[in-house]
Amino acid sequence: MSAAAAVESSVAVGGIPIRNAWYLLLYAWDMASEAFHGASRADVERSPSLLGLLSRALLVSTRDLFRRELGREMAARTASVRGVRGRIDFARSLKRLDFESGRASCRFSEAHIDTPRNRILRSTMASLARDPRVDHTEPRRAVALRRDLGAAARSMEGVTMERLSRDSFRRLQLGRNDRAYSLPLSICALIHRLELPTEDAGDHAVTALLRDEVTFHDLFERFVRNFWRTHVGTTYRVSSDKLGWFDELSCQLVPEMRTDITLTERAAPFRLLVVDTKFYASSLSAGRWGGGGRFHSQHLYQIYAYLRTQEHRSSAHRVAEGLLLYPTTTVEIDEAM
């Protein structure tokens, strides 16, 4: 069993390089193929702030949305129209003398684009277009990025801009047919969270991400899974597997075991690798009696249980390997046992 460093060390203690955070987000959001060609590559390599990179990600993720059509919702409306539409509001029509001009006040349902999700998109892009922190090492690229953000916001004419808050995202409800909105709205939510006040110096976006270990662990796990799907998917099946306990009495109270990532070789000898991703500000725990750090014991117990409880399933399971995967934050780890 081995534990390895996954991400390059940072010049800032407790942090990770902007470029590495960006690659992590690209893979976690299934955007790697979009970003690894053309101008986006330069944005990845040279942009000095995560806010600038998230802005580019927002533009990329909304292209298909704008190409198809913005999502609409039905809303009740009352208006004076020629002829009849929906139900006539006789009281209002008589009061406004609509009938005398060949019109009628009617109540009807109408599809409109001024929806909460579209307001979030337009408000976020309009705000970023005015934000000087959306930058790049090449000033002309920064200007072009903010210009593109402004143009995208203006293209959403008819959508109200508003001051966003946590409630704006909490109230959002996406349906089964709203998949195109999932990624851009996730980016908007992250941008909003990173813009909340902080007392820390430096890039507040990275500081906020690193502080939220729960969120970053989820991103790190999805990054690793999608990275391997992209680069070794033809050789290995990459999945997250539910494991059963080897229990002859079938106790109903045992907790569920599910791997972060399982790599299964598609051809003989069908090698198995069980991967457990761990994102912590510190990869090692302090020694009880002082001295150097040690692996977190619960991490070893967990990967040990994943491997030993499955040995009865096949010869491949009996020689399966486990990998504890940490990003390099304060110390590089490359150990085997």
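Reader: Among contacts between residues at least 6 apart in sequence, what share joins residues at least 24 apart?
Author: That share is 69% of such contacts in the chain, where a contact means heavy atoms within 4.5 Å.

Reader: What kind of model is this, and which pLDDT limits apply?
Author: The model is predicted; local features need pLDDT of at least 70 and side-chain atom pairs count only at pLDDT 80 or more, while totals for chains, interfaces and linings use all residues. Residues are numbered from 1 along each chain as its sequence is written, and side-chain values use heavy atoms, with hydrogens and water left out.

Reader: How many helices and strands are there in the chain?
Author: The chain has 13 helices and 11 strands. Both are DSSP runs numbered from the N terminus, helices being H or I runs of at least four residues and strands being E runs of at least two.

Reader: And how much of the chain counts as buried?
Author: Of its 337 residues, 43% count as buried. Buried means under 20% relative accessible area, exposed means over 50%, and partly exposed lies in between, with a 1.4 Å probe and protein chains only.

Reader: At what angle do helix 6 and helix 7 cross?
Author: Helix 6 (residues 116–129) and helix 7 (residues 139–154) cross at roughly 150 degrees, and their axes come within 8 Å. The axes are lines fitted to C-alpha atoms, for helices over the stretch in contact, and the angles run from 0 to 180 degrees between N-to-C directions.

Reader: How are helix 6 and helix 7 oriented to each other, then?
Author: The two helices are therefore roughly antiparallel. Angles over 145 degrees count as roughly antiparallel, under 35 as roughly parallel, 65 to 115 as roughly perpendicular, and the rest as oblique.

Reader: Is the crossing of helix 6 and helix 7 left-handed or right-handed?
Author: The crossing is left-handed.

Reader: Changing topic: how many salt bridges does the structure hold?
Author: The structure holds 11 salt bridges. A salt bridge is a side-chain nitrogen of Lys or Arg within 4 Å of a carboxyl oxygen of Asp or Glu.

Reader: Where do Asp-167 and Arg-170 sit relative to each other?
Author: Both belong to helix 8 (residues 166–170), 3 residues apart, and are separated by about one helical turn. Asp-167 is partly exposed at 35% relative accessibility, whereas Arg-170 is exposed at 58%.

Reader: Which residue forms a salt bridge with Arg-271?
Author: Glu-321 is the partner, with the closest N and O atoms 2.6 Å apart. Arg-271 lies in the loop between strand 8 (261–265) and strand 9 (272–277) and Glu-321 in strand 10 (residues 321–326), so the pair ties together parts 50 residues apart in sequence. Arg-271 is partly exposed at 36% relative accessibility, and Glu-321 is partly exposed at 34%.

Reader: What is phi of Ser-250?
Author: Phi of Ser-250 is near 55 degrees, a positive value in a residue other than glycine. Ser-250 sits in the loop between strand 6 (242–243) and strand 7 (257–258) and is partly exposed at 47% relative accessibility.

Reader: How many disulfides does a search of the whole structure find?
Author: The search finds 0 disulfides, a disulfide being a pair of cysteine sulfur atoms within 2.5 Å. Cys-188 is buried, with a relative accessible area of 1%, and Cys-251 is partly exposed at 40%.

How values were computed. Left-handed = near helix turned anticlockwise from the far one by under 90°.
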